[in-house]
Amino acid sequence: MRKPLVAGNWKMFKLIGEAVDTVNALKSQVADVTGIEIVVCPTFTALHPVAQALKGSNVAIGGQNIYPKENGAYTGEISPQMLLDAGCSWTIIGHSERRQYFKETDAFLNEKIKFALGAGLKVMFCIGETLEEREGGKMNDVLCRQVTHGLQGLSAAQFEQVSVAYEPVWAIGTGVTASPAQAEEAHAFVRSLLRDQFGADVAEGVRIQYGGSVKPDNAAELMAQPNVDGSLVGGASLKADSFAAIVKASLC
Ligand code: PEP
C-alpha cells in the first residue's frame, strides 16, 4: 500500500514572515491527519525559519532544486547538504519550469537525482508533456524518455526515496486540470515504464503524484484513481486553508 504524498511547491513566492505564518496555520489544520505524508517546499531563504516553525509537526520540508556538488565555486547554487542543514528531507528535481527556463536536460537531472539521494535527501522527480507534445501524439514518447534517462541507474533501494510527479505542462498554473481519466492513463503508463525498466517491486512501490491545477474541489476525484498516489500542488498550496483542504480530500 503506497502512502499518499501531498506536497506544496511555493515556487518563488512568499517572504520569510509570510511563509512562517502560512505553516503555522497549516500545521494546526492538519495536525490530526495521519496516513498522508505532507511536505512544503518554500523558497531557499524561508527554509530554515519554516523548518523551525514545523518542528514536531507532521509536515516535512523540501527544497525546490539542488546543484549536484557538496560545495565549491558554483555561484548562485545550493547543495543537498545545505538543504539538509536547513531542515529539509526532500527536494523537487526536474520541475518543468527548470526544464523550460533553465534548460535542464534529462542527463543533468539524472545526475542531480543521484547526488541528492547520495546525500540523504528524498526526491520528487517531475515529468510531463507539453500541450504540443500531447496533441502531436508524443506524450508516451516524452514520458518514456524522461523516465528512462532521468531515473537511469537507480537501485531498488534508491527508488524507496523517490516519488515521481506526473505534471502535464499544459495543466501547471493554467487552471486546466487533467481529468481523472487522463491522469490515471498517464500514471498507469508511467508505472508500466517503471515495471519494464526497473521491475515489478519498484513499480508497485514508487508513488506517482499528480500535479497541475490541483484544487480542493478536484483533489478527491484525482486521488481516487488507483495509480494516483498524491499530488504536487503549486498555486493552491500557497494558502493554508486550501492546502489543508487538499490534504484532507486526499484521505481515501
Ligand atoms: C506546480 O508548480 O508543480 C504546479 C502543479 O502548479 P499548479 O498547482 O499551480 O498548477
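Throughout this passage, buried stands for a relative accessible area under 20%, exposed for over 50%, and partly exposed for values in between (1.4 Å probe, protein chains only). By that scale H149, at 38% relative accessibility, counts as partly exposed. The structure is a predicted model, in which local features need pLDDT of at least 70 and side-chain atom pairs count only at pLDDT 80 or more, while totals for chains, interfaces and linings use all residues. Residues are numbered from 1 along each chain as its sequence is written, and side-chain values use heavy atoms, with hydrogens and water left out.

The overall fold comes first. The chain holds 12 helices and 8 strands, where helices (H or I, at least four residues) and strands (E, at least two) are DSSP runs numbered from the N terminus. Its radius of gyration, 17 Å, is close to the 18 Å that the globule rule gives for 252 residues, so the chain is as compact as a globular protein of that length. Here the radius is taken over C-alpha atoms, and the rule is 2.2 Å times the number of residues to the power 0.38. Along the principal axes, the C-alpha trace spans about 45 × 45 × 35 Å. Of the 252 residues, 53% count as buried.

Turning to the interior, a nonpolar core is a set of buried Ala, Val, Leu, Ile, Met, Phe, Trp, Tyr and Cys residues joined through side-chain atoms within 4.5 Å. The largest such core has 68 residues, of which V40, V50, L151, L194 and Y210 touch the most other members. Beyond its neighbours within four places in sequence, L194 is in contact with V147, L151, F159, G199, A203, V206 and I208. A second, separate core of 10 residues includes L5, A7, M124 and C126.

Helix α12, residues 240-249, is mostly covered, with 7 of its 10 residues buried. The buried positions are A240, S242, F243, A244, I246, V247 and A249. They pack against β1 (5-9), α1 (16-29), β2, α11 (219-223) and β8 (230-233).

Several individual positions complete the picture. H149 belongs to helix α7, residues 139-150. With sequence neighbours within four places set aside, H149 is in contact with D106 and N110. T105 is 44 residues away from H149 along the chain, yet the C-alpha atoms of the two are separated by 9.3 Å.

In the loop between β2 (37-41) and α2 (44-54) sits T43, which is buried at a relative accessible area of 14%. Apart from neighbours within four places in sequence, T43 is in contact with K11, M12, F13, K14 and Q64. I172 is placed in the loop between β6 (162-166) and α9 (180-198) and is buried, at 15% relative accessibility. Its C-alpha atom is separated by 7.8 Å from that of G234, 62 residues apart along the chain.

E77, in the loop between β3 (59-63) and α3 (80-86), is partly exposed at 38% relative accessibility. Neighbours within four places aside, E77 is in contact with N65 and Y67; the C-alpha atoms of E77 and Y67 are separated by 5.9 Å.

Finally, backbone angles draw attention to two loop residues. K103, although not a glycine, has a positive phi of about 55°; it lies between α4 (96-101) and α5 (106-119) and is exposed, with a relative accessible area of 63%. S213, also not a glycine, has a positive phi near 55°. S213 lies in the loop between β7 (207-211) and α11 and counts as buried at 10% relative accessibility.

Terms used:
Contact = heavy atoms within 4.5 Å.
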